Amino acid sequence: MTTTNPATMSAERFALETRNMHIYYSAFRAVKDVSFGVERNKITALIGPSGCGKSTVLRSFNRMNDLVPGARVEGDVLFRGQNLYAPDVDAVQVRRRIGMVFQKPNPFPKSIYDNIAFGPKINGWKGNKGEMDELVERSLRGASLWDDVKDKLQQSGLSLSGGQQQRLCIARALAVEPEIILMDEPCSALDPISTLRIEELMFELRQHYTIVIVTHNMQQAARASDYTAFFLMDADRAGQLVEYDHTEQIFQNPKDSRTEQYISGRFG
Amino acid sequence: MSTDTAPRSRGRLPEGDELHRNVVGRQRVGKIWQSVLLACTILGIIVLGLLLFNIINDAFGGVAVQSVVPEEEIFTNRDPASLSQAELIAILEEHLRSRILRNLEREQPLIERSNADLIELINAEIIKPEIVAVYPLNEYLFNRAAITASLAEEHPRAELSFKSWLSSDFLTSPMSSRPELAGVRTAVMGSLWLLLITVLFAFPLGIGAALYLEEYATDKLFDERSPVGRRLNAILHRGSSIIQTNIYNLSGVPSIIYGMLGLAIFVRALESFTSGSFLGATTDATANGRTIMAAGMTMALLVLPVVIISSQEAIRAVPNSLRQASYGLGATRWQTIWKVVLPNALPGILTGTILAISRAIGETAPLIVVGASTFIVTDPSGPFSKFTVLPIQIYNWTSRPQVEFRAIAAAAIIVLLIILLSMNALAIILRNYLRSKRVS
Ligand SMILES: Nc1ncnc2c1ncn2[C@@H]1O[C@H](COP(=O)(O)OP(=O)(O)OP(=O)(O)O)[C@@H](O)[C@H]1O
Ligand SMILES: [Mg+2]
């Protein structure tokens, strides 16, 4: 098992860190012995062939796997030195700190304004209408959607284009002020121009947030990420971390021959 | 492309002429089935049309009215309006027996009554117009000659006129043993009260159970680490899966069985509640447990499985991506259910529930078992009154021999249908309104 870790592990440096993580769906082991650290204020891309467990790993970072009956995580997932799967940790609190953007844009069938206000409200936000207006504007600007929608905040979020909807979902995630944003193939339903806008947005967000993104698009991983983790299934279909390093390193000088084969499109 | 050389065992697709014949054959089969389906539809429409025709035919039509004493004879060919009060009183005194006159005087002296009142009195007590024959609409419209001929023979003084048995009087009068005077007010009010109680019980219970089964049933409520907790979890899980699999069976149980259940539980065992005596004052001393409350709870039980099933379907139709979005923002499960699942499922829940409950309005059997009255003239005054409902009233009327009762039964059926259709319309309007509110 080649699990490469760049430099030493430390709670300061890593926003998230997994140690010997195994993930099961009932009896089936989907992910096997993954250990790596996600660097703070960087973009980390998870790549690998379909079914190798990228989404599963991503969902384990904010305990979305809890929603799948039978799903189980073994080993440690450390966030600020605290194991997310310790018995006294509440998944609700974890998700407030670690937000998620899904593959298919999923705005609520509510107005654009209410889509953004939903998160703060359910999390016990206190403030007046003016402050909420500010928060909504700040979140929409953060997702560079403000100029597109500032005149139609009361229209349904579903009336936006696909790319705008995805940025609305990002804005919605920003509104609860998370530290980490997880994105599962956020551009797979978007055209190239919307994709580029999301990538630009990711670079802007990197100043304040740590981003983990799953992607099937090799160019996207190469141009839009700082670190890349390559996953692959082993003989019993359990996903494993093959190689984890700086993105340039992975794409220009991979250590593992399987990584090289995959990124040059020869298998997977 | 030729398959000549292919080994026989590989089979062969039709080509050329054979292909043509094959396609024509398959198209023909399709056409035949299409006409069969069309025939089914037409048959259904015809049956529905016949049903409507039947009802309308009975609810409207002609009546032949004949007075006991001819009007001209009483008023001696004068216009009643032109007569003086003294002349009218004279007519009354001439034709009525002294005992009846004395009674009338005691109610209100005749001299103190207005002319119009006196004329009405003469009409009701002396002339006494009576319905001597009733004709359904089609006979009245298309068989006039035969009707007039038979009338001329049997009731020479009778006058034929059009009558709509469905009238404002019919809607506002209580039950009566005389069909011309009987109305559906008591029954309509009973039906509406029953509806209210049914909704009050079935709606929250049904939606609650559906939410539990859809959103919580797979949950581990107790601590899995202790053996007792594990055991309790297993029992809960077992229980909800038994309910889940049997809910369809429950919705198919004949309604009369729910009636017997209601009789045993709500009428007998819970009598102190359903009779209202727990509140101290019973509104209806003779009702015992046979009240709107008991019937409403029985009906709620009857529609509960359907309410649960349709609510579950509506809840299941809420896209999972919305639940995930909510959880992803740090919502608790209850917040997700209350703020995301329920608002999005509500249009579907309401439609399904209203349709289920509107079926209950047409139910008769369980209500007879739990003791709905068949003849009652006082309006229900609250959930603890005796009551009757439209279907029972209709049943009661259709089982009487006089044709007049058949006519008012048809009119009552129209009232029932209008209530049902307006509930269904309400369901559709509500659903569209809620949908438009969510999306636009
Ligand atoms: N909810 C689930 N229940 C059971 N098994 C699951 C579930 N989700 C995923 N799996 C299994 O776990 C393995 C990894 O799935 P995962 O969705 O993480 O793959 P992925 O790398 O994201 O693939 P893709 O690139 O196609 O999205 C697969 O074998 C899949 O069948
Ligand atoms: Mg995936």
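This is a predicted model: local features need pLDDT of at least 70, side-chain atom pairs count only at pLDDT 80 or more; totals for chains, interfaces and linings use all residues.
Figure 1. Over all chains, the count comes to 24 salt bridges.

Figure 2. A:Lys150 is partly exposed at 39% relative accessibility, and A:Asp147 is exposed at 55%. In chain B, a salt bridge joins B:Arg178 to B:Glu180, with 3.4 Å between the closest N and O atoms. Back in chain A, a network of salt bridges links A:Arg80, A:Arg97 and A:Glu179.

**Figure 3. Two aromatic pairs, one tilted and one stacked.** The whole structure holds 11 aromatic pairs over all chains. For A:Phe36 and A:Phe61, the ring centres are 6.3 Å apart and the planes meet at 45°, so this pair is tilted. It joins distant parts of the chain, with A:Phe36 in strand S2 (residues 28-39) and A:Phe61 in helix H1 (residues 54-61) of chain A, 25 residues apart. A:Phe36 is buried at 1% relative accessible area, and A:Phe61 is buried at 0%. B:Trp334 and B:Trp338 are stacked instead, with 5.6 Å from centre to centre and 20° between the planes. These two tryptophans lie four residues apart in helix H15 (residues 333-361) of chain B, about one turn of the helix. B:Trp334 is partly exposed at 46% relative accessibility, as is B:Trp338 at 48%.

**Figure 4. An aromatic cluster and two charges over rings.** Ring pairs connect A:Phe36 and A:Phe61 with A:Tyr227, A:Phe231 and A:Tyr244 in a cluster. In chain B, the charged end of B:Arg144 sits over the ring of B:Tyr140, 4.3 Å from the ring centre. B:Lys163 lies over the face of B:Trp165, 5.0 Å from the centre of that ring.

**Figure 5. Inside the nonpolar cores.** The largest nonpolar core has 58 residues, and B:Phe170, B:Val184, B:Leu367, B:Leu390 and B:Trp397 have the most contacts inside it. Several helices of chain B each supply at least two of its residues, among them H1 (16-59), H9 (185-216) and H15. Helix H18 of chain B gives the most, with 14 residues. Which residues does B:Val184 touch, leaving aside neighbours within four places in sequence? Its contacts are B:Phe170, B:Leu171, B:Ser173, B:Leu390, B:Trp397, B:Ala412 and B:Val415. A second, separate core has 43 residues, including A:Leu135, A:Leu190, A:Leu201 and A:Val242.

**Figure 6. Where chain A meets chain B.** Contacts bring together 22 residues of chain A and 18 residues of chain B. The area buried between the two chains is about 1,700 Å², and carbon and sulfur atoms give 67% of it. Zero salt bridges are found across this interface.

**Figure 7. Helix H14 of chain B and the glycine just after it.** Helix H14 spans residues 320-328, and its buried residues are B:Leu322, B:Arg323, B:Ala325, B:Ser326, B:Tyr327 and B:Gly328. Just after the helix, B:Gly330 takes a positive phi of about 95°.

Key. Residues are numbered from 1 along each chain as its sequence is written. Chains are lettered from A and ligands numbered from 1 in the order in which they are written. Side-chain values use heavy atoms; hydrogens and water are left out. Rings of Phe, Tyr and Trp (its six-membered ring) pair if their centres lie within 6.5 Å; planes under 30 degrees apart count as stacked, over 60 as edge-to-face and the rest as tilted. Buried means under 20% relative accessible area, exposed over 50%, partly exposed in between (1.4 Å probe, protein chains only). A charge sits over a ring if NZ of Lys or CZ of Arg is within 6 Å of the ring centre and within 35 degrees of the ring normal. A nonpolar core is a set of buried Ala, Val, Leu, Ile, Met, Phe, Trp, Tyr and Cys residues joined through side-chain atoms within 4.5 Å. Contact means heavy atoms within 4.5 Å. Buried area is the accessible area (1.4 Å probe) that two parts lose on being put together, summed over both. A salt bridge is a side-chain nitrogen of Lys or Arg within 4 Å of a carboxyl oxygen of Asp or Glu.
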